[in-house]
Amino acid sequence: MLLSGDPISVIDTGRYLSGRHCGYCSGSSGSAIFGFSAISLTVKDYQEFMDRGYRRSGSFMYKPDLLHSCCPQYAIRLAVSQYKPSKEHRQTINRFNRFVLGATYQDALYRHESAISKAHGKGKRNQEFDLLDAIHRAESSNLPPELSHIPRHHEFTVKLVAPIFTTEKFELFKHYQITCHHENEHEISQAGFKRFLCDNPFQLPPGYTYEENTKKLGLWHQMYYLDGDLIAMAVLDFLPNSVSGVYFMWREEYAKYSLGKLSACREAALALEENDEFYYMGLYIYSCQKMKYKSAFAPSQLLDPELYEYFRFDRFEPELSKCEYVTFADGPDHPDKHNRPQKGGAKGAQTEDEEENTPDDSISVFEADMPGVLSLEQVRATANLEHIQLIVNRYVYTAMVCVFFCLFEYVADLHERRASKLQAQKYSKSLKKRFWQLLPPSV
Ligand SMILES: [Zn+2]
């Protein structure tokens, strides 16, 4: 029983969408997803959706169909307590710190820390790489006031702020989409930016405020300033047990500092500081070169699309190197699954996680043979449908819900088409027709 005032998740009807353009291999019709709009979502529910292969783009939730997509996208996450920064990660962080502070300042800082360490009887400063220390090392707010007379090359600050629209954020987004994703300027709108990176369905506790010391929850923007200019921004979801990277954008002139990798190191560190177990790195395509950096965060884990269990990347990799679709489920029932050789060559040109225009010819998810989705018969056999309430066109139905699942796509179409009354009436008619066809005679 739901108590009034409890946060609840409300989602719109879902649709299976196939034949979509794939931005990774530039295939014109190779991508398939199941997607729906979330009207409101608790952070806990979103975490559970992610562990079933969903991601969000604004308030649109989607789950790639790995079996029927040309470039299967696996959910990937990092167990942060086990993360040991690789040599490349350590070099990336150190190189950026040196760029900000300069050699003179870095030497002075090291001598200063060694002196403090000695004074406390600990001998010389420990030279071992410490992720949390290294990631914040160049931030102005962390530098000792005793060294303020020593010149530094740059001022670097990072802050987490509310996910609201500002012109400064939008200008960075526009620059990034043009330089990195080769979009045309006229295609990039403020409304699109808001929908993609500011809108979100999260239900936060009443009175929740976006302040520096608040427990982070829901969507936040992390801003990187160099000498007062916004040079990069991360869009992050804070969930009960994880930090999830939604998007990252940066100014092209800093490309040589590998800001993408640097931000991923920072987000892993952030998850540790928030006492979270995982850093969710979005979706991963094995054949996509631009995504290789994600699996380099060891020990990363990929989600099995059928078992909904995570397995370490090094267990997945020998299988992925041979075929595109991999599950560890025992599956003699789908013998053809393993016959898709890995083709390679996805370029990663797409703006990751961005919702695309969707075609109208959606089919029921039950007709799609999508991995990890129950069949209609399984739903009938296992779900206690009598206790689920569904609202369709203002009428509440409680029984035989499974038949209504087939109507979801039609109802969603009505929403889409409300601009056209004529079409809505046409759809309403076909909805009714299908509705009565599906209901058993006794109802
Ligand atoms: Zn593709």
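Modeller: Two strands pair if DSSP finds at least two bridges between them; strands are DSSP runs of E, at least two residues long, and helices are runs of H or I, at least four, numbered from the N terminus. This is a predicted model, in which local features need pLDDT of at least 70, side-chain atom pairs count only at pLDDT 80 or more, and totals for chains, interfaces and linings use all residues. Residues are numbered from 1 along each chain as its sequence is written.

Colleague: How do you know that strand 10 and strand 11 pair?

Modeller: Strand 10 (residues 242–250) and strand 11 (residues 278–284) share three bridges, in the parallel sense, and pairing needs at least two. Ser244 has Tyr280 in strand 11 as its bridge partner.

Colleague: What is the order of the strands in the open sheet?

Modeller: The eight strands run 7-8-9-10-11-6-12-13, with mixed pairing.

Colleague: Why are strand 7 and strand 13 said to stand at the edges?

Modeller: Strand 7 (156–161) and strand 13 (310–312) each have a single partner strand, so one side of each is left without a neighbour in the sheet.

Colleague: What makes Ala268 a contact of Leu78?

Modeller: Contact requires C-beta atoms, placed from the backbone, within 7 Å. Ala268 touches Leu78, and also Val80, Tyr83, Tyr279 and Phe297, not counting residues up to four places away in sequence.

Colleague: Which residues have the most contacts inside the largest nonpolar core?

Modeller: They are Tyr74, Leu78, Met249, Ala268, Tyr279 and Leu302, in a core of 82 residues. A nonpolar core is a set of buried Ala, Val, Leu, Ile, Met, Phe, Trp, Tyr and Cys residues joined through C-beta atoms within 7 Å; buried means 20 or more other C-beta atoms within 10 Å of a residue's own. Helix 7 (residues 259–273) gives the largest share of this core, eight residues.

Key: Buried ≥ 20, exposed ≤ 12 C-beta atoms within 10 Å, placed from the backbone. Contact = placed C-beta atoms within 7 Å.
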